[in-house]
Amino acid sequence: MITFPNAKINLGLNIIEKRPDGYHNLETIFYPINLQDALEVTRSTNSDKEYNLHVSGSALDGEPEDNLVVKAYKLLKEDFPQMAAIEIHMYKHIPAGAGLGGGSSDAAYMIKLLNEKFALNINHAKMEEYAARLGADCAFFIQNKPAFATGIGNIFEPVDLSLKGYHIVLVKPDIFVSTRDAFAAIKPQRPAVSLKEVIKQPVDTWKDNMQNDFEDSVFLKFPEIAAIKDELYDLGAVYASMSGSGSCVYGIFKEPIENVEDKFCQCFCRQRELE
Ligand SMILES: C[C@@](CO)(OP(=O)(O)O)[C@H](O)COP(=O)(O)OP(=O)(O)OC[C@H]1O[C@@H](n2ccc(N)nc2=O)[C@H](O)[C@@H]1O
Ligand SMILES: Nc1ncnc2c1ncn2[C@@H]1O[C@H](COP(=O)(O)OP(=O)(O)O)[C@@H](O)[C@H]1O
């Protein structure tokens with residue numbers, strides 16, 4: 001059985017307050033985009049091991065045990081020991097550490113895939129509970145629909161928003177931004193206008209009303225990331241922003257951009273029509 005975990009972007013990201021546990025409450029809109037990994041699970045013919053992980057595509061750091069798909073399998077195995085030994089084949093296309101939620105999506109799709117393959121009969125709410133135990137934003141990918149997220153990015157409310165027909169350009173330079181450091185550099189503040197209101201307005205008004213609070217400090221440290229955002233606006237983006245804590249920057253366009261991958265040839269760059 002094969003499935004295709006997709007990425008997300010953040011439309012606006014407001015860091016609201018620091019919590020006593022050190023984490024931050026935030027507000028953002030998560031929007032799914034059609035940039036995908038591939039994830040296949042087959043039954044193992046040799047069941048000496050509970051699982052084997054085979055990763056191809058872009059390289060991932062860490063041991064198989066660190067991979068979120070393995071963590072998802074182990075989590076479900078605690079409650080569903082009847083699951084047989086498996087081979088996991090993963091093709092990584094979504095860049096890691098980009099703010100595109102690739103690892104979180106793999107984890108959520110693994111839960112959905114195992115549920116179906118082994119007929120575990122887990123409902124959506126329960127799958128969201130499992131996903132949330134693997135990472136704050138993982139549960140978003142169970143429903144995978146545009147959502148207003150609050151809390152630490154783990155409480156979701158569906159929003160009526162479609163960017164169908166727009167084109168998105170994603171550019172990720174080879175720069176690592178530490179999420180922890182990015183949070184530490186921010187002075188939390190509640191925005192004057194809620195993102196829920198901003199996204200009801202036309203996309204070409206977003207530029208003046210919606211921002212990612214990580215940008216100021218990340219752009220100061222890495223001017224190359226700021227330059228990518230400027231370039232996307234120069235190419236005619238109606239809205240451009242860094243996603244999550246970076247380092248991927250996206251631009252939303254009314255028309256496709258010709259040869260855009262050549263323009264950003266030093267970076268991971270992909271263009272998609274939004275659905
Ligand atoms: C800010 C978002 C928004 O989408 O960024 P991206 O991951 O998409 O870039 C996410 O919520 C990020 O979640 P995630 O990437 O899972 O962060 P974690 O690994 O859980 O946390 C890394 C570190 O960031 C800080 N942290 C994280 C989330 C949060 N709401 N408040 C925090 O202060 C903590 O110091 C934590 O130790
Ligand atoms: N299947 C996976 N895909 C990508 N990253 C993974 C995966 N499993 C674990 N990770 C770890 O999660 C982190 C990146 O998470 P990811 O969700 O891709 O990025 P981001 O938090 O920037 O959106 C990396 O530290 C990576 O080592």
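What follows is a set of questions and answers on a predicted model.

Visitor: Between which domains does ligand 1 lie?
Guide: Look at who supplies its shell. Residues come from both domains, so ligand 1 lies between them. They are domain 1 (2–158) and domain 2 (167–273).

Visitor: Which elements give two or more residues to the shell around ligand 1?
Guide: There are 17 residues around ligand 1, and His24, Gly99, Ile152, Gly153 and Gly244 come nearest. The elements giving two or more are β3 (24–36) and α5 (179–184).

Visitor: Which element gives the most to the shell around ligand 2?
Guide: Around ligand 2 there are 18 residues, with Leu68, Ala96, Gly102, Gly103 and Asp106 nearest. The one that gives the most, with four residues, is α2.

Visitor: Is Lys8 buried or exposed?
Guide: Lys8 sits in strand β2 (residues 6–18). Its contacts beyond four places in sequence include Phe30, Tyr31 and Phe140. It has 28 C-beta neighbours inside 10 Å, so Lys8 counts as buried.

Visitor: And Asp137, buried or exposed?
Guide: Asp137 is in the loop between α3 (124–132) and α4 (140–143). Among its contacts beyond four places in sequence are Phe30, Ser104 and Asn154. With 26 C-beta neighbours inside 10 Å, Asp137 counts as buried.

Key: Residues numbered from 1 in each chain as written. Chains lettered and ligands numbered in written order. Predicted model: local features only at pLDDT ≥ 70, side-chain atom pairs only at ≥ 80, totals over all residues. Near = placed C-beta within 6 Å. Domains from an automatic or database assignment. Buried ≥ 20, exposed ≤ 12 C-beta atoms within 10 Å, placed from the backbone. Contact = placed C-beta atoms within 7 Å.
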